[in-house]
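Subject: Structure handover and notes

Hello,

Here is the structure for your files. My notes on it follow below.

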Amino acid sequence: MPIQMQNIDVWVFDLDNTLYSPLRSDLMPQMHERMQEFIMAEFSVDLAEADRRRQFYYEKYGTTLRGLMEHHGLDPEKFLPYCHQLDLSEIKYDQSLDEALSGLPGRKIVYTNATKAHATAVMGCLGISGHFEDIFDIADANYLPKPHLSSYEVFLKKHEVNPTRAVMFEDTAKNLKPAHDLGMTTVWMKNTRPGAIPDNNNQSHIHHVAEELSDFLRGLCIS
């Protein structure tokens, strides 16, 4: 069923691999490398063990950071700045997205498992910062990442969002399940990244699939 624009007040966007396409600019390999370096230095382990921990914690807790906090009591502000020291030179101004967001009525908020500093930098490179009223980051969520339900509840309360009048865009399919359960309309940004694709046996929490964000948004405004 098409999204009924008159029924939507708030548009919620994930950041990485959602506001920019991983086909053009993929920051994940850099982030993974930074995490591996941090774990190797912090725990005196080799690369293979560091990568194993990184992946295991991500799959079990939603972020590597949460696993490090649960298992080692790690200070998140020691980990986050290091892991977000990234080369953003591949992230370019996206005129198509800028124009599509300009034509989208309603409030727009970024909801990310990353930091405000990282989100601000990426959005600045894309040239779209002025469209968003706020960034809800991992610190705002009390370091409980998507898909923890309580994180979504904190987000909705902080920004006074009625979930039945909100749409959420996200590249990681499992992160749309709590949004769906709370009453939000969900849009999965189609990709083939391991861990991001939906379970073939359960896709009922995905209402729409988008291949290119700007095209999808323009289609909404035209329809």
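Leaving aside its neighbours within four places in sequence, which residues is Ile-8 in contact with? They are Ile-3, Arg-165, Ala-166 and Val-167, where contact means heavy atoms within 4.5 Å.

Before the rest, the conventions. This is a predicted model, in which local features need pLDDT of at least 70 and side-chain atom pairs count only at pLDDT 80 or more, while totals for chains, interfaces and linings use all residues. Residues are numbered from 1 along each chain as its sequence is written, and side-chain values use heavy atoms, with hydrogens and water left out.

Ile-8 sits in the segment before β1; helices (H or I, at least four residues) and strands (E, at least two) are DSSP runs, numbered from the N terminus. With a relative accessibility of 9%, Ile-8 counts as buried, a term that means under 20% relative accessible area, against over 50% for exposed and partly exposed in between (1.4 Å probe, protein chains only). Ile-8 and Arg-107 are separated by 99 residues in sequence, and their C-alpha atoms are 9.3 Å apart in space.

Nonpolar cores

A nonpolar core here is a set of buried Ala, Val, Leu, Ile, Met, Phe, Trp, Tyr and Cys residues joined through side-chain atoms within 4.5 Å. The largest one has 51 residues, and those with the most contacts inside it are Trp-11, Phe-13, Leu-19, Phe-79, Met-123, Phe-169 and Leu-217. Helix α1 (residues 28-43) gives the most to this core, namely 5 residues. Apart from this core lies another, of 18 residues, including Val-10, Val-12, Tyr-111 and Ala-173. In soluble globular proteins, nonpolar side chains tend to be buried together.

Helix pairs

Two packed helices are described by the angle between their axes and the distance between the axes. Axes are lines fitted to C-alpha atoms, for helices over the stretch in contact, and angles run from 0 to 180 degrees between N-to-C directions.

α1 packs on helix α2 (residues 47-61) at about 115°, and their axes are 9 Å apart. That angle makes α1 roughly perpendicular to α2; the classes are under 35 degrees for roughly parallel, over 145 for roughly antiparallel, 65 to 115 for roughly perpendicular, and oblique for the rest. The crossing of α1 and α2 is right-handed. A crossing is called right-handed if the near helix is turned clockwise from the far one by less than a right angle, and left-handed if anticlockwise. On the α1 side the contact uses His-32, Met-35, Gln-36, Ile-39, Met-40 and Phe-43, and on the α2 side Leu-47, Ala-50, Asp-51, Arg-53 and Arg-54. By class, the residues of this contact divide into 6 nonpolar, 2 polar and 3 charged; Ala, Val, Leu, Ile, Met, Phe, Trp, Tyr, Cys and Pro count as nonpolar, Asp, Glu, Lys and Arg as charged, and the others, Gly among them, as polar.

Helix α3 (residues 64-72) and helix α4 (residues 76-83) pack at about 155°, with axes 10 Å apart. α3 and α4 are therefore roughly antiparallel to each other, and their crossing is right-handed. Thr-64, Leu-65, Leu-68 and Met-69 of α3 meet Pro-76, Phe-79 and Leu-80 of α4. This contact has 6 nonpolar residues, 1 polar and no charged ones.

The buried residues of α3 are Thr-64, Leu-65, Arg-66, Gly-67, Leu-68 and Met-69, and what covers them includes α1, α2 and α4. Just after α3, Gly-73 has a positive phi of about 60°.

Backbone details

- Lys-146 and Pro-147 are joined by a cis peptide bond, with omega about 10°; Pro-147 lies in the loop between β3 (134-136) and α7 (149-158).
- Asn-17, a residue other than glycine, has a positive phi near 65°. Asn-17 is in the loop between β1 (10-13) and α1 and is buried at 6% relative accessibility.
- Ser-44, also not glycine, has a positive phi near 55°. Ser-44 is in the loop between α1 and α2 and is exposed, with a relative accessible area of 68%.

Regards
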